[in-house]
Structure formats: structure tokens, C-alpha cells
Amino acid sequence: MNKKVNFWEFFQGLGKTFMLPVSLLAACGIMLGIGSSFASSVTAEVLPFLKIPAIRVFFEFMATIGSFAFSNLPAMFAIAIPLGLARDDKGVAAFSGYVGFVISCLSVNFLLKATGTLAAPEDMKAAGQAMVMGIQSIDIGVLGGILIGIIVAKIHNQFHEIKLPDALAFFGGARFVPIATSVIVGVISLLIPFIWPTFNKLIIGVGNLIGKAGVFGPFLFGTGEGLLRPFGLHHILVAMIRFTSAGGDAVINGETVSGALTIFYKEFANGILDPNVTRFLSQGKMPSYLFGLPAVALAMYHTAKPENKNKIKGLLTSGVIACMIGGITEPLEFIFLFISPVLYIFHCIMVGLGFMTMGILKVAIGNTDGNLIDFIVFGVLQGTRTNWYLVPVVGVVWFAIYYFVFKFAILKFDLKTPGREVIAEGDSVKLGGYDAERMLKAIGGKENIVSLDNCITRLRLVVKDMSVINEEEIKATGAIAIVKLDETNLQIIIGPQVHVVKNKLDKLIKS
């Protein structure tokens with residue numbers, strides 16, 4: 001059983017840690033998009049006030065700040081992963097991640113020098129080498145940063161409470177973690193020149209499989225992401241496509257860049273919009289996120305009992321806003337996932353078809369979320385070269401398909417979607433749980449919680465005894481759904497306000 005528990009804990013935790021750098025990427029991407037759009041001479045011809053020097057400099061500065069995140073992705077992941085996986089002394093874990101990443105670069109640089117394989121500046125690209133943190137090393141990219149982050153997280157969890165003899169006590173406890181990191185990561189990194197080519201070939205192989213799938217590549221990606229989402233494992237697939245060679249490779253201004261999202265940002269900063277790159281990005285989500293899921297909400301509203309419609313309006317409206325503005329789909333998806341898994345599979349297939357359709361139509365809208373902000377900033381503001389006007393055309397078709405399929409299924413099979421069940425007078429259906437004290441009791445009290453964390457929309461818990469979990473009581477606090485992954489791993493789907501619930505639970509546990 002322990003092996004199974006460790007599997008879920010590790011991969012869920014790893015996927016959660018990706019959210020910190022990815023959220024920064026999304027924000028920086030928006031700044032880059034707005035800055036580049038309003039600083040361009042083309043936009044200035046349409047809006048003459050943008051020619052004012054102070055205004056132009058402001059938007060150029062915004063674009064410069066926005067370019068930060070995707071220029072330092074490997075280091076960001078190496079820092080974010082130990083931070084996210086550590087249960088205690090998180091600041092030390094993050095600091096050790098930085099130490100580990102720099103030490104790794106120095107170790108590889110040392111070995112390259114010692115073996116006489118340090119490439120000349122003009123030959124670095126051919127030799128798979130690059131300047132990383134000002135150090136010439138093997139270009140291990142985001143995948144390397146992730147691996148270093150995982151190693152550092154393991155070191156932290158092993159040594160952060162170590163006790164040393166009195167004479168060395170100053171270096172014990174949390175202080176020992178960066179010291180151990182320097183030695184262990186330094187030694188392990190000496191193996192990178194020998195093992196990295198194998199890792200690289202594996203990732204390239206995945207990319208080749210997707211490439212050979214042609215127009216079906218984006219379909220498989222979009223569908224696969226949706227099918228993995230209920231288990232919290234979709235971040236792994238997404239990160240592989242966005243940040244490694246599985247999502248493509250490109251040479252931009254003499255620099256080799258890997259991953260669909262990284263390539264997009266680099267090309268975007270240079271005024272390039274390539275639909276072959278964006279086919280795995282925001283545009284593929286837009287038919288379902290901006291049109292399909294709102295149609296699902298409308299179908300649920302129209303099929304609800306007349307006396308319950310006002311009571312579910314807040315739930316559905318909040319879900320639509322989270323989906324269209326934030327690109328957060330779980331509040332709507334988890335309403336029907338457990339009621340009808342077949343409809344959820346249909347939804348995943350439609351998302352995949354959206355990716356494929358946008359790719360076939362050569363739409364070129366990048367970034368991460370597939371929401372209205374991405375549509376406006378990376379689509380409309382970039383002009384007709386993005387083919388943004390095709391999104392609402394396809395979206396109308398998706399809206400009609402989703403609406404009639406869901407309405408038919410709900411009525412035909414009498415699915416108990418919100419508003420079709422009995423709701424007591426005075427009750428209402430709400431999105432997001434705020435009664436933390438009641439929820440804690442329903443989980444079995446603080447004594448039943450081994451660990452508690454959250455991602456964007458869900459609480460992630462490891463519990464001692466799953467049998468004491470009161471699902472109906474948890475849902476009564478406002479939670480959308482409960483997912484029991486195994487005997488100890490539990491997820492509670494809350495929605496965009498999950499961090500509020502997590503913080504309240506934390507205070508109750510500590511008190």
C-alpha cells in the first residue's frame with residue numbers, strides 16, 4: 001500500500017508545484033502581450049497617442065518585465081518544486097533549490113573543462129551546451145530544472161531535521177539542507193553529460209510521436225489533458241508539451257528553444273506568430289472554455305426545476321465566470337463528472353476537437369489559459385494575422401453542440417444536475433466552501449489529517465482513515481465534489497477560492 005500512496009502523493013504534489021512558475025508565466029505573458037502590442041509602430045499608427053515617448057517607454061518597459069519568466073524557466077522550476085513539496089521549512093527548501101541548480105551548472109562546467117569538451121562559443125549550440133546562470137553548461141532545459149528540484153526536495157525531506165554532534169550543531173537542522181544539496185547535487189550532476197542524451201532522446205521521441213500524429217496531435221493532447229484532470233495528473237502532460245522538446249524545438253536568434261509555450265513567448269517577443277507553435281496553446285481551449293462550458297451551464301439552468309432556478313443561479317454563474325475569465329474549468333466540470341462520466345468524456349473529446357480545429361484553421365493565439373484575457377491580448381490586439389475572428393465562428397457551433405447534447409442527456413436519463421434534486425426551502429447551492437470548521441469535522445478532525453495542501457481549485461489531503469470521511473457533509477459546506485484516489489489520498493474540489501478554505505483549515509489545525 002505504501003508504494004501506491006507514495007505514487008499519488010508524489011505525482012499530485014509534483015503537478016501542484018508546477019502552478020507557481022506557470023502562474024507567473026501566464027501573468028508575464030499578459031504583460032508581454034499588452035506591452036508588445038501597444039509599443040509596436042503598427043498600433044501607434046491606429047492610436048496616435050501611443051507615439052508619445054513616455055507612453056511608448058512605459059509599454060516597452062512592460063514588455064521587458066514580461067519577458068523575464070520564460071528566460072529563466074529551468075531555475076524557476078528547480079526552486080518551485082522543493083518549495084511546493086516541502087512540508088516544513090519551505091523557505092530553506094526554495095533556497096536549496098537555487099543552490100542545487102547553480103551547483104549543477106558548475107559541476108557540469110567543471111567536468112567539461114576537465115575532459116576538454118567545453119565547446120567554443122560558436123560551437124555551443126551544436127554541442128548541446130549553453131550559458132546558464134552565466135555558466136557554460138549542458139543545456140538541460142526545464143526538464144533538468146524539474147529533476148534537480150525533485151532531488152533537492154528529497155534531500156530536504158531527508159535532512160531538514162538532522163541532529164549533529166554539539167561541536168557541529170550550528171550546521172544541523174534546516175541549515176544542513178543547502179550544505180547537503182551542494183555536495184549531493186554536485187556529485188550527481190557529474191553524471192549529466194553521460195545520461196542526459198538518453199533523457200533527451202526519450203523526450204524527442206515523444207515529440208516525434210505527436211508530430212507523426214499530424215493534425216491529430218493537438219486532439220490527443222487536449223483530450224488527454226481533460227481525462228487526466230480528475231486525478232490531478234494533467235499538469236505533467238501539460239508541462240511536457242509546454243516546456244520540453246515534446247512540444248517542439250526552434251532556433252530563435254541563434255538560441256535553441258524547446259517547448260510550445262517557451263517557443264511562443266520567444267517568437268512573440270520578436271514579432272512572430274506561428275500557428276504550428278500555438279496549436280498546443282490557448283486557442284485550442286477557447287471553443288470549449290468560452291462557449292461549450294457556458295452552454296452546459298445554460299442547459300443545466302433550463303432543465304432545473306422552476307422553483308430551484310434562482311437557487312442554482314449563483315453556482316452556475318460563478319462557474320461560468322471562473323471558466324471564461326480565469327480559464328478555471330473544474331467548478332463546472334466536476335458538477336457533471338460524477339453524475340455522468342460519459343458526458344465528461346464527451347467534453348474531453350470536444351476539447352480535443354477544439355485543439356485540432358484551431359490548428360487546422362491556422363489560428364495563432366498563444367499563452368496558457370484559453371480565457372477571454374488570452375483571446376483579447378494574444379488574439380484581437382495582435383490583429384487579423386492571428387485569425388482570432390474564427391474563434392467565435394467555431395465557438396457558436398461548439399455552443400450549440402454542447403447545449404443540445406447536455407440538455408438531451410439530462411432530460412433523457414433524468415440526470416440529477418443542480419436544481420433537479422430536492423432543495424429544501426431557504427437552502428441554496430453555492431460555489432466554494434467557506435464553513436471550514438464544519439468541513440474539518442467532516443474530514444475526521446485534525447487528528448485524521450497527515451498533510452493538507454491545495455492547487456488552483458482543489459484541496460489535496462493525505463488522511464489516516466478514509467472510512468471516517470463524510471462526503472455528504474463535506475458537500476454541504478459548499479464543496480463541489482470529493483475524489484478518493486486510494487486509501488489515504490483525498491481531493492476536495494472547491495473552486496477558485498480554495499486558498500481561502502485551505503488557510504482557514506490551516507488555522508483550525510494549528511489551533
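Residues are numbered from 1 along each chain as its sequence is written, and side-chain values use heavy atoms, with hydrogens and water left out. In this predicted model, local features need pLDDT of at least 70 and side-chain atom pairs count only at pLDDT 80 or more, while totals for chains, interfaces and linings use all residues.

**Exercise 1. Find which elements have the lowest and the highest mean pLDDT.**

Solution. Begin with pLDDT itself, the predictor's confidence in each residue, from 0 to 100; the chain averages 84, and 92% of the residues score at least 70. Finally, look at residues 1-5, where pLDDT stays under 50 and the model has 5 contacts beyond four places in sequence, a contact being heavy atoms within 4.5 Å.

**Exercise 2. Determine whether methionine 31 is buried, partly exposed or exposed, and list what it touches.**

Solution. First, locate methionine 31 in helix H2 (residues 19-39). Then apply the classes, in which buried means under 20% relative accessible area, exposed over 50%, and partly exposed in between (1.4 Å probe, protein chains only); because its relative accessible area is 29%, methionine 31 is partly exposed. Last, set aside residues up to four places away in sequence, and the residues that methionine 31 touches are Met62, Ala63, Ile65 and Gly66. The C-alpha atoms of methionine 31 and isoleucine 65 are separated by 7.5 Å, although the two are 34 residues apart along the chain.

**Exercise 3. Describe the largest nonpolar core and the contacts of tyrosine 402.**

Solution. Start from the meaning of a nonpolar core, a set of buried Ala, Val, Leu, Ile, Met, Phe, Trp, Tyr and Cys residues joined through side-chain atoms within 4.5 Å. The largest one has 87 residues, and those with the most contacts inside it are Phe243, Phe264, Phe336, Val391, Tyr402 and Phe406. Helix H15 (residues 282-303) gives the largest share of this core, 10 residues. Turning to tyrosine 402, its contacts, leaving aside neighbours within four places in sequence, include Ser288, Gly292, Phe346 and Met350.

Key:
Helices (H or I, at least four residues) and strands (E, at least two) are DSSP runs, numbered from the N terminus.
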